[in-house]
Amino acid sequence: MKNINKKMKKDQNLAMVIVGDRCIGCDACYVACKTDWDVPALKEAFRTKVWEVEGKDQYGNPTIGFLPTLCNHCDNAPCVAVCPTGASFKRDEDGIVLVEPDMCIGCKACMVACPYDARYYNEHEQTVDKCTFCLPRISQGLDPACVTTCVGESRNFGDLNDPESNVSKLLKDATSVARLKEDEGTLPNVYYVTVNY
Amino acid sequence: MSRHNINRRGFLKLAGATGIAATAGVTGIPSPLSASAKKESAKGARFLKYDRGVHSPSFCEMCFWNCGVDVYTRDGIIHKLEGNKLNPNNRGHICAKGNAGIQSTYDPDRIQSPLIRTGKRGEGKFKKVSWDEAYQYVFDKLNPLVKKYGPETLATFMHGTGERYVHMFSVALGTPNITVPAYSQCMGSREMAWALTYGTGISGHETFDLANSKHMMIFGRNFAGAVQVREAEDFAEGLARGSKLTYIDPRQSESAVNATDWLQLNPGSDMALALGFIHVIIRDNLANMDFVRKYCYGYNELVEHIKQYTPEWASKKTGIDAKTIERIAWDFAKDAPNVVAVPPRRMTRYGNDTQTVRTIAILNALMGNWGVPGGIFIRTAVPLDLPKHEHPPATKARRADGVGEGEKYPFAPPSLGRTNGIYEATLKQKPYPIKAWLLYGTNPISHSSVGVNNLYDAMNNLDLIIAIDTQFSDTVMYADVVFPESTYLERDDAPYIQKDKVPFIALRRAAIKPIYDTKGCYDICKGIAEKFGLQKWFEHSPEHMIEQLLSSLSDEQKETLEKDGTLLFEDVDPYPGASGGPLKFATTTGKVQLYVKDLEEYYQKEGDNFAPMPTYIEAPQPKKDEFRMLFGRTPHHSHARTQNNWILLELQDDTPVWMSPKDAKYLGFKDGDMVRLINTKTGFKSHPEPIKVTERIKDGSVFIHHGFGHQTKAWTRGYNKGTSENNFISDGVDPVSGAAAFHNGFVKVVRA
């Protein structure tokens, strides 16, 4: 893995590494996440989602693929930059981007600013809501809900500062690494890799 | 794109939106910093707490696969379900449906008490009654029918963990007409073919060693889209480790994502393709002759028989290039024996299903992959001597569905029966009157095989319909008396004992008390049985069976099972073929039967359907301007059971009609146009559905996902969402297995 632009100094550099071709599009992550965090019963309300992408190969044959998405916990997070109250903030110690509900005024500027469509407005809680990398769970030593349930073991979570972590090893062994919309300068912490086992 | 037709902006399309967004954020919004400053100190503190709650072990009942589940409750409310890490069915993961088990349990649309019908059948008018009134009602209605017609007038249908109690009641009452739809509506033809060849079935937890395979050749089995968790895991794992994947299906399903080759063959021609592969393998001396000589019966006959099925011939039938057939046959054989050819699971397709799977079984045999890593593993039973419970003697009365020695379907197992045959017997009241149905967790209206109109007519012939279920399915709405079952999260159940690659036991303990006035299937069947004086067969409650099991274990085993919910028995060899151990086959010849002698007699009488070696049988073809109706699973729903589950409905609540660009152009349809399907046989019209124009479906066919179109108004969310394929599929029968054949239904597609 080359050219990881580390601008922030963090005790932990938490990241999600998604082995792209292990995602089978089952959406277990979607349901596990909504259930654990009481995300409202609306199609528009979610913290993570798998997109089915139909395309064509070089010969014009139809192809399908799956793209799991979530908050990228960007090191240069546009949502944090635009938040007028400081409700959207990035934790220094591990880089997790959060929204503090008590401070959110519901202006939704962050929802517009986010290039990844990672946020939604929770009418019931009167706050913008998003993926927390399951901070409540990981603070108790558990994996994030989506990682725990992932049927294809596509999703992996850990600390990139620890060379022995699962995610560090995956990035080291990866035959290709991509992040979404890198050209926007967001420095995302969700990686999409292919691996030869 | 049906599965993600949401309003939230699709960020994939909006790469350029960030600039606009940033401007709006910075300039447009006042900044009440003073108000927020005092909250700064507690910022984020709420995210450092997580109460996992109280753990109880269970296994999932959202589908038949029964993954191990850890249930977590907070203050008596189920908060979260997670996969049990030890359970070999799922190794710590659960799918979308499994995760959504909570929503099904806390669904206010559930059946909340015993009910007796007051309105017309299907009208949905019931009165709440006591349990005893409901049991008495069954006795008062059923007993006169039993007196008049004999106990065989009751037909029973069952699907779910409580099956054993419905079975027990049925046998004790004395009816032979016990049916498990998993046979005739699903796996029957596949299991029949495997048994004729190998002397054993593939079983509900299939014996394909996908994770270790070097080449998976998959005939229309959607491992990724049907999501039985272990198999989906193994499928992904095998591919990640570099297995080749030849995916054979007229539709590009989720499983085709990483296919080395996707062969979009003509529907119904799978058998021709497999025959073509076998031809090449034998012609080019690619068979594993060590295995063939040692274990196979009828190789020489096969060599002669297969000569007619050249790749060129197979190409004409399948539409797949002959060179491709040769190349893939070579590739497949090159990696033998660590390869596997996988038949479909729901093998109710073209009426040539048993013989199609026979062909695929032979293809495997020629690779010598029996008991070999990456091929077919061998299951071992749980090595425990549990107390044997006494069973009532089975009746010798003739079955109504043509199953049994000397009957039309002599090969079909009487223990499972032909559900489709019972529908027909009820419709025609032949060979004798069927006047009562007992349905447990089954829903014929959404899983019909005789046409839905015929099914209503059949039910009109019944004097009594008894339903045991957790929810008001379309069929439960037609019941005369309804017994509400507790969900799997609300009840103890008999221990789950699985013969498998690594055999294991799983426990299910009630995580919460029943929310409504419901009971487990054991209590319900016992309550009915008591009215008939048959309670002696119901001495062993689920709790008692758990106690009996625990007392037969060592202290250490007992502790593991109670604490972890799963107990493994790992001292087994799933690969005796690789370790050179002798292999045994429980067939008539004691060998793998490339040639099946048992079929000879029927072959003389009935012709090619019963050929001892697979002989190509052409599926019926659509006429001009007609389309073959295909259907299959979505990863987001289990059969027709979960379409009222709010969270799963978010993932999918519709059934767009898939059509190829060529066909759409011919009919003048564009993607998203609204169309209706018309059954060419009955004239039945669907309500409008959007069309999905895609090369992922073969010309001449249309496809919709299974499980939708519910007409039960008790489902406040799932009512009338999408279309049910049941109104458009065929009512065919595979002549060997007697199981249903659904894929020969033809439709016209018209603008709505």
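**Entry 1: chain B as a whole**

I began with the contacts in chain B of this predicted model: among those between residues at least 6 apart in sequence, 72% join residues at least 24 apart. I then counted secondary structure and found 23 helices and 27 strands in chain B. For overall dimensions I noted that the C-alpha trace of chain B spans about 85 × 80 × 60 Å along its principal axes. The radius of gyration of chain B is 27 Å, which agrees with the value near 27 Å for a compact globule of 752 residues. Of those 752 residues, 57% are buried.

**Entry 2: the nonpolar core**

I looked up the largest nonpolar core, which has 272 residues, and the residues with the most contacts inside it include A:Ala28 from chain A as well as B:Ala232, B:Ile278, B:Ile466, B:Cys525, B:Met659 and B:Val702 from chain B. The largest share of this core, 10 residues, is supplied by helix H10 of chain B, residues 270-283.

**Entry 3: the contact between the chains**

I next turned to where chain A meets chain B, a contact that takes 57 residues from chain A and 61 residues from chain B. On the side of chain A, the elements giving two or more residues are helices H1 (28-36), H2 (78-82), H3 (109-113), H4 (135-138) and H5 (145-149), together with strands E2 (49-56) and E3 (62-69). The largest share of that side, seven residues, comes from H1(A). By class, I recorded 31 nonpolar, 11 polar and 15 charged residues on the side of chain A that touches chain B.

I then checked the burial of H1(A) and found that nine of its nine residues are buried. These are A:Ala28, A:Cys29, A:Tyr30, A:Val31, A:Ala32, A:Cys33, A:Lys34, A:Thr35 and A:Asp36, and A:Ala28 is the residue I had already met among those with the most contacts inside the core. Just after H1(A), A:Asp38 takes a positive phi of about 50°.

Elsewhere in chain A I looked at strand E9 (residues 174-178), where the number of buried residues is zero out of five, so the strand lies largely in the open. E9(A) pairs with strand E10 (residues 190-195) of chain A in the antiparallel sense over four bridges, and A:Ser176 stands opposite A:Thr194 in E10(A).

I traced an open sheet of seven strands in chain B, with the order E5-E4-E15-E14-E13-E6-E7 and mixed pairing. Its edge strands are E5 (126-128) and E7, each of which pairs on one side only. Within the sheet, E6(B) and E13(B) pair in the parallel sense over five bridges, and B:Leu154 stands opposite B:Ala436 in E13(B).

Is helix H6 (residues 163-173) of chain B largely enclosed or largely in the open? I found eight of its 11 residues buried, so H6(B) is largely enclosed by the rest of the structure. The buried residues are B:Tyr165, B:Val166, B:Met168, B:Phe169, B:Ser170, B:Val171, B:Ala172 and B:Leu173. H6(B) is followed by B:Gly174, whose phi is positive, near 110°.

**Entry 4: domains and a loop residue**

The domain assignment of chain B gives domain 1 (50-114 + 486-519 + 540-573), domain 2 (130-185 + 401-484 + 520-535), domain 3 (199-379 + 589-610) and domain 4 (627-751). I took domains 3 and 4 of chain B as a pair: their C-alpha centres lie 28 Å apart, and their contact takes 22 residues from domain 3 and 23 residues from domain 4. On the side of domain 3 that touches domain 4, helices H8 (223-226) and H15 (353-367) of chain B are the elements that give two or more residues. By class, that side of domain 3 has six nonpolar, 11 polar and five charged residues.

Finally I looked up B:Asp385, which is found in the loop between H15 and helix H16 (419-428) of chain B. With 6 C-beta neighbours inside 10 Å, B:Asp385 counts as exposed, because the cut-off for an exposed residue is 12 or fewer. Its C-alpha atom and that of B:Ser184, 201 residues apart along the chain, are separated by 32 Å.

How values were computed
Residues numbered from 1 in each chain as written. Chains lettered and ligands numbered in written order. Predicted model: local features only at pLDDT ≥ 70, side-chain atom pairs only at ≥ 80, totals over all residues. Buried ≥ 20, exposed ≤ 12 C-beta atoms within 10 Å, placed from the backbone. Rg over C-alpha atoms; globule rule 2.2 N^0.38 Å. Contact = placed C-beta atoms within 7 Å. Core = buried A, V, L, I, M, F, W, Y, C linked by C-beta atoms within 7 Å. Nonpolar A, V, L, I, M, F, W, Y, C, P; charged D, E, K, R; others polar. Domains from an automatic or database assignment. Pairing = 2+ DSSP bridges.
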